[in-house]
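Please report on the structure shown here.

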Amino acid sequence: MKTSNGGSALICVCSYPTSTIASARRAVEEMQTALALPPEVSPSLARRVAAVAEVWAARVEDVRACRLAGYGAVHPDLARRLDPGVEELRRRLEALADAALRLPATGR
């Protein structure tokens with residue numbers, strides 16, 4: 001993988017040729033046909049957004065000051081400065097998940 005902005009991982013451009021991806025997709029489709037599997041049904045966009053937001057809401061707890069001690073010394077004032085922002089981010093992610101689940105179903 002290489003990046004499109006001189007080494008920073010902000011925007012990553014996949015170096016796999018599209019033919020490799022297309023070949024893999026054809027193999028999956030052939031196996032699906034051979035095994036008489038039903039068509040793939042993926043979750044709606046709303047459900048995927050909600051799921052990602054829910055996961056991040058849970059994971060963001062790991063950046064609270066008390067959880068960072070496992071990585072080394074933590075400044076005594078860090079919790080006072082960091083944790084309110086972490087809590088706000090967690091609340092907003094949970095609100096995003098709730099809002100996404102209230103969106104009308106639109107398929108993929």
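## Overall build

Buried residues make up 15% of the 108 residues in the protein chain. Buried means under 20% relative accessible area, exposed means over 50%, and partly exposed lies in between (1.4 Å probe, protein chains only). This is a predicted model: local features need pLDDT of at least 70, side-chain atom pairs count only at pLDDT 80 or more, and totals for chains, interfaces and linings use all residues. Residues are numbered from 1 along each chain as its sequence is written, and side-chain values use heavy atoms, with hydrogens and water left out.

The protein chain holds 4 helices and 2 strands. Their order along the sequence is β-β-α-α-α-α. Helices (H or I, at least four residues) and strands (E, at least two) are DSSP runs, numbered from the N terminus. Take the contacts in the protein chain with a separation of 6 or more: 48% of them are between residues 24 or more positions apart. Contact means heavy atoms within 4.5 Å.

## Helix 2 against helix 4

Helix 2 spans residues 45–59 and helix 4 spans residues 78–101. They pack at an angle of about 160 degrees, with axes 8 Å apart. That makes the two helices roughly antiparallel. Angles over 145 degrees count as roughly antiparallel, under 35 as roughly parallel, 65 to 115 as roughly perpendicular, and the rest as oblique. Axes are lines fitted to C-alpha atoms, for helices over the stretch in contact, and angles run from 0 to 180 degrees between N-to-C directions.

The crossing of helix 2 and helix 4 is left-handed. In a left-handed crossing the near helix is turned anticlockwise from the far one by less than a right angle; clockwise is right-handed. Helix 2 contributes Ala46, Arg47, Val49, Ala50, Ala53, Glu54, Trp56 and Ala57 to the contact. Helix 4 contributes Arg90, Leu93, Glu94, Leu96, Ala97, Ala100 and Leu101. By class, this contact has 11 nonpolar, no polar and 4 charged residues. Ala, Val, Leu, Ile, Met, Phe, Trp, Tyr, Cys and Pro count as nonpolar, Asp, Glu, Lys and Arg as charged, and the others, Gly among them, as polar.

Side chains of opposite charge can pair when their charged atoms come close. A search of the whole structure finds 11 salt bridges. Each is a side-chain nitrogen of Lys or Arg within 4 Å of a carboxyl oxygen of Asp or Glu. Arg90 pairs with Glu87, with the closest N and O atoms 2.2 Å apart. Both residues lie in helix 4, 3 residues apart, about one turn of the helix. Arg90 and Glu87 are both buried.

Glu87 also forms a salt bridge with Arg91, at 3.4 Å between the closest N and O atoms. These two sit 4 residues apart in helix 4, again about one turn. Arg91 is partly exposed, with a relative accessible area of 41%. Glu88 and Arg92 meet in a salt bridge of 2.6 Å, N to O. They are 4 residues apart in helix 4, so about one helical turn separates them. Glu88 is partly exposed at 29% relative accessibility. Arg92 is exposed at 57%. Salt bridges that share partners join Glu61, Arg64, Glu87, Glu88, Arg90, Arg91, Arg92 and Glu94 into one network.

## Backbone at Ala36

Most residues other than glycine have a negative phi. Ala36 is not a glycine, yet has a positive phi of about 55 degrees. Ala36 lies in the loop between helix 1 (18–34) and helix 2. Ala36 is exposed, with a relative accessible area of 65%.
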